[in-house]
Amino acid sequence: MTAARPAKPPRIGDSPMVRRALIGFVLVFGAVLVLAPLVVIFAQAFRLGVPVFLANIAHPDTRHAIWLTVLTALIAVPVNTAFGVAAAWAITKFDFWGKRALTIVIEIPFSISPIVAGVAYLFVYGLQGLFG
């Protein structure tokens, strides 16, 4: 005969109402974080009216910047995807010399603040930097 376990007391947040409230809060907060910058961008873009916006979009410098962004994305996304899949496969399936170093190189961008990385880029590539 098995001994009956005592019932666990309910934890805070176990009720469906609390779960729904938390999920709703996260969804609203996430939507605000995504939508607020977009609203500001579109408000600034159309502040002087649609004709000014279209004239600015049609400007050769703007079209060149957009094309350069698209070209960079078309090159960077497949390269990063191929490297990411190959590195993940190698790290999980094989033991090799340098595996730890490869893992560190991949994880460094997640552990360094973007501000610190930006300052480092300024020190290296800025006007007064190493390659400026």
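**Entry 1**

I looked up Asp95 first. Asp95 is exposed, with a relative accessible area of 74%. I note here that the model is predicted.

Which residue does the side chain of Asp95 meet in a salt bridge? I found Lys99, with 3.1 Å from N to O. That counts as a salt bridge because the cut-off is 4 Å between a side-chain nitrogen of Lys or Arg and a carboxyl oxygen of Asp or Glu. Side chains of opposite charge can pair when their charged atoms come close. I then searched the whole structure for salt bridges, and the search gave one.

**Entry 2: Lys99**

I stayed with Lys99. Lys99 lies in helix H4. The reason is the cut-offs, because buried means under 20% and exposed means over 50%.

I listed the contacts of Lys99, leaving aside neighbours within four places in sequence. Ile91 and Phe94 came up. I also took a C-alpha distance from Lys99 to Ala87. The two are twelve residues apart along the chain and separated by 9.5 Å.

**Entry 3: H3 against H4**

Next I looked at the helix pair. Two packed helices are described by the angle between their axes and the distance between the axes. H3 covers residues 60-93, and H4 covers residues 99-111. Their axes come within 11 Å and cross at roughly 140°. H3 is therefore oblique to H4. As for handedness, H3 passes H4 in a left-handed crossing.

Which residues make the contact? From H3 I noted Phe83, Ala87 and Ile91. From H4 I noted Lys99, Leu102, Thr103 and Ile106. I sorted the residues of this contact by class: five are nonpolar, one is polar and one is charged. Lys99 is the charged one, because Lys counts as charged. Lys99 also holds the salt bridge to Asp95.

**Entry 4: Leu102**

Leu102 sits in helix H4. At 22% relative accessibility, Leu102 counts as partly exposed.

What does Leu102 touch, leaving aside neighbours within four places in sequence? The contacts are Phe83, Ala87, Ile91 and Phe96. Phe83, Ala87 and Ile91 are the H3 residues of the helix contact. I also checked Leu102 against Ile41. They are 61 residues apart in sequence and 38 Å apart in space, C-alpha to C-alpha.

**Entry 5: Ile66**

I moved along H3 to Ile66. Ile66 is in helix H3. At 43% relative accessibility, Ile66 counts as partly exposed. I took the C-alpha distance from Ile66 to Lys99. The pair is 33 residues apart along the chain and separated by 38 Å.

**Entry 6: H2 against H3**

Last, I looked at the other helix pair on my list. Helix H2 covers residues 50-58. At what angle do H2 and H3 pack? The angle is about 65°, with the axes 5 Å apart. That makes H2 roughly perpendicular to H3.

From H2, I found Asn56, Ile57 and Ala58 in the contact. From H3, I found Pro60, Thr62 and Arg63. By class, this contact has three nonpolar, two polar and one charged residues. Arg63 is the charged one, because Arg counts as charged.

Technical notes
Residues are numbered from 1 along each chain as its sequence is written. This is a predicted model: local features need pLDDT of at least 70, side-chain atom pairs count only at pLDDT 80 or more; totals for chains, interfaces and linings use all residues. Side-chain values use heavy atoms; hydrogens and water are left out. Buried means under 20% relative accessible area, exposed over 50%, partly exposed in between (1.4 Å probe, protein chains only). Helices (H or I, at least four residues) and strands (E, at least two) are DSSP runs, numbered from the N terminus. Axes are lines fitted to C-alpha atoms, for helices over the stretch in contact, and angles run from 0 to 180 degrees between N-to-C directions. Angles under 35 degrees count as roughly parallel, over 145 as roughly antiparallel, 65 to 115 as roughly perpendicular and the rest as oblique. A crossing is left-handed if the near helix is turned anticlockwise from the far one by less than a right angle, and right-handed if clockwise. Contact means heavy atoms within 4.5 Å.
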